[in-house]
Amino acid sequence: MATASAANRNAEQLAELYAQFRSDRARVPAAWRELFESLDARARSWLEQRAAGAERRPVGVADIARPAGPAAPRAASARGDYAAARDSMRAMLLIRAFRLRGHLEARLDPLGLAAIESHSDLDPRSYGFDDADFERAIYCDGHLGLDFATIPEIVRRARAIYCGTIGIEYLHILNPRERDWIMARMEGASYRDSFGPERRRAIFEALTVAEGFEQF
């Protein structure tokens, strides 16, 4: 399991890469530019805060490309940090995909007659992960309520929240406070366990009445 110091190092690495991206997008590889450009407001704010104090120095690819010699241990360390930072960013994109499109695979048919079409956006392999990566703990920075988790754990958690019997779309909402309010309640304390059978039945009856009135 990764340590807190490893998490801090990964966060610093991400902040430095993002600082370079802000100053000159051409300084970072195309894959990183695509990742940074697709971040949601929360992830971008997280990086903005850390990039404000980050050192403006070459990292990642530049460190890896150094020749062997006295700097080799540093290059090896940078390679590991870069890989961990890359995994964290890819995991954030995977989580964002569930927030954005998880409802497309939600189990909304109570009879189970309608087939659920799989969407590649919700497949971790679409973000560069393969079977060899599935046992490695990845830093999630609290997203989905997770600090460190493996890819299967991230997917299980995301599916439980966004692909269950409730389908939800909210990332299109322009007001960030409204978006964060919904996200906090979907991903925070397990609201599914806070209602007993009687309360759930009452909610169902109220929804049925509202739906019937709308149809009428």
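The disulfide count for this predicted model comes to zero. A disulfide is a covalent bond between the sulfur atoms of two cysteines. The criterion behind the count is a pair of cysteine sulfur atoms within 2.5 Å. Cys-140 counts as buried because its relative accessibility is 2%, under the 20% limit. Cys-163 is buried as well, with a relative accessible area of 6%.

The overall layout comes next. The protein chain holds eight helices and two strands. Of the 216 residues in the protein chain, 37% are buried. The accessible surface of the chain is about 12800 Å², and carbon and sulfur atoms account for 55% of that area. Contacts can also be sorted by separation in sequence: among those between residues at least 6 apart, 61% join residues at least 24 apart.

Salt bridges give specific examples of links across the chain. A search of the whole structure finds nine of them. One of the nine pairs Asp-87 with Arg-136, and the closest N and O atoms are 2.7 Å apart. Asp-87 is buried, at 5% relative accessible area, while Arg-136 counts as partly exposed at 32%.

A second salt bridge joins the side chains of Glu-187 and Arg-99, with an N to O distance of 2.7 Å. This pair links distant parts of the chain, since Glu-187 is in helix 7 and Arg-99 is in helix 5, 88 residues apart. What is the accessibility class of Glu-187, buried or exposed? Glu-187 counts as buried because its relative accessibility is 8%. Arg-99 is also buried, with a relative accessible area of 1%.

The salt bridge between Asp-123 and Arg-125 has its closest N and O atoms 3.9 Å apart, which is inside the 4 Å cut-off for a salt bridge. Both partners of this pair count as partly exposed: Asp-123 has 29% relative accessibility, and Arg-125 has 45%. Salt bridges that share partners also join Arg-86, Asp-87, Asp-133 and Arg-136 into one network. The pair Asp-87 and Arg-136, described above, is part of that network.

The loop between helix 5 (72–101) and strand 1 (138–139) also contains His-103. Which residues does His-103 touch, not counting residues up to four places away in sequence? The contacts are with Tyr-162, Gly-167, Ile-168 and Glu-169. His-103 is buried because its relative accessible area, 17%, is under the 20% limit.

Backbone geometry draws attention to the next loop. Most residues other than glycine have a negative phi. Asp-141 is not a glycine, yet it has a positive phi of about 55°. Asp-141 lies in the loop between strand 1 and strand 2 (148–149). Leu-144, also in the loop between strand 1 and strand 2, has a positive phi of about 60° and is likewise not a glycine. Both residues are classed as buried: the relative accessible area is 18% for Asp-141 and 1% for Leu-144.

Which residues make the nonpolar surface patch of about 260 Å²? Phe-195, Ile-203 and Leu-207 make this patch. Phe-195 is found in the loop between helix 7 (176–187) and helix 8 (197–215). Phe-195 counts as partly exposed because its relative accessibility is 35%, a value over the 30% that membership of a patch requires.

Key
Residues numbered from 1 in each chain as written. Predicted model: local features only at pLDDT ≥ 70, side-chain atom pairs only at ≥ 80, totals over all residues. Heavy atoms only, no water. Patch = residues over 30% accessible without salt bridge, like charges linked within 9 Å, V, L, I, M, F, W, Y side chains within 5 Å. Areas by Shrake-Rupley, 256 points an atom, 1.4 Å probe, with all protein chains shown as cover. Helix = DSSP H or I, 4+ residues; strand = E, 2+ residues; numbered from the N terminus. Buried < 20%, exposed > 50% of the residue type's maximum accessible area, 1.4 Å probe, protein only. Contact = heavy atoms within 4.5 Å.
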